[in-house]
Amino acid sequence: MKEMFIQKLSKMLGSNNPCCAWMEDGKSFVVNGATFSKHSPSNISNKYTSFQRQLNLYNFRRKEVKGIVKPWFVYHNPMFVRDDEISQ
């Protein structure tokens, strides 16, 4: 069975990837837009803009977080949280 984008995203966030990581609260994550293409798994996307479109398709929203500056961006979706079985 083909993995859904959400499952791929969850695996990528749990893999100590240098271009993305869960935020401490487990309700959002950060992505480095500048290094995404270099470090992202090929099954997610090889371009940050394509990855952004996928996030938008799944209703992820970018949010401002104090101390997080470009090229890092924070995304969240209330239905996608760390260690949630639905997100796995």
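Reader: Why is asparagine 59 called partly exposed?
Author: In this predicted model, asparagine 59 has a relative accessibility of 48%. Buried requires under 20% and exposed requires over 50%, so asparagine 59, at 48%, counts as partly exposed.

Reader: Where is asparagine 59 found, and what is its phi?
Author: Asparagine 59 is found in the loop between α3 and β3. Its phi is near 65°, a positive value in a residue other than glycine.

Reader: What makes asparagine 16 count as exposed?
Author: The relative accessibility of asparagine 16 is 75%. The cut-off for exposed is over 50%, and therefore asparagine 16 counts as exposed. Asparagine 16 has its place in the loop between α1 and β1. Although asparagine 16 is not a glycine, its phi is positive, at about 55°.

Reader: How many disulfides does the structure hold?
Author: The structure holds zero disulfides.

Reader: Which residues touch the most other members of the largest nonpolar core?
Author: That core has 19 residues, and Leu9, Phe29, Val31, Phe36, Phe51, Leu55 and Phe80 touch the most other members. Two or more residues come from each of α1 (5–13), β1 (20–22), β2 (28–32), α3 (48–57) and β4 (72–76). The largest share, five residues, is given by α1.

Reader: What is leucine 9 in contact with, leaving aside its neighbours within four places in sequence?
Author: Leucine 9 is in contact with Phe29, Ile44, Phe51, Leu55, Phe60 and Phe80. Each contact rests on heavy atoms within 4.5 Å.

Reader: Which residues does a cis peptide bond join?
Author: Lysine 70 and proline 71 are joined by a cis peptide bond, with omega about 10°. Proline 71 is found in the loop between β3 (61–63) and β4.

Terms used
Residues numbered from 1 in each chain as written. Predicted model: local features only at pLDDT ≥ 70, side-chain atom pairs only at ≥ 80, totals over all residues. Heavy atoms only, no water. Core = buried A, V, L, I, M, F, W, Y, C linked by side-chain atoms within 4.5 Å. Buried < 20%, exposed > 50% of the residue type's maximum accessible area, 1.4 Å probe, protein only. Helix = DSSP H or I, 4+ residues; strand = E, 2+ residues; numbered from the N terminus. Disulfide = S-S within 2.5 Å.
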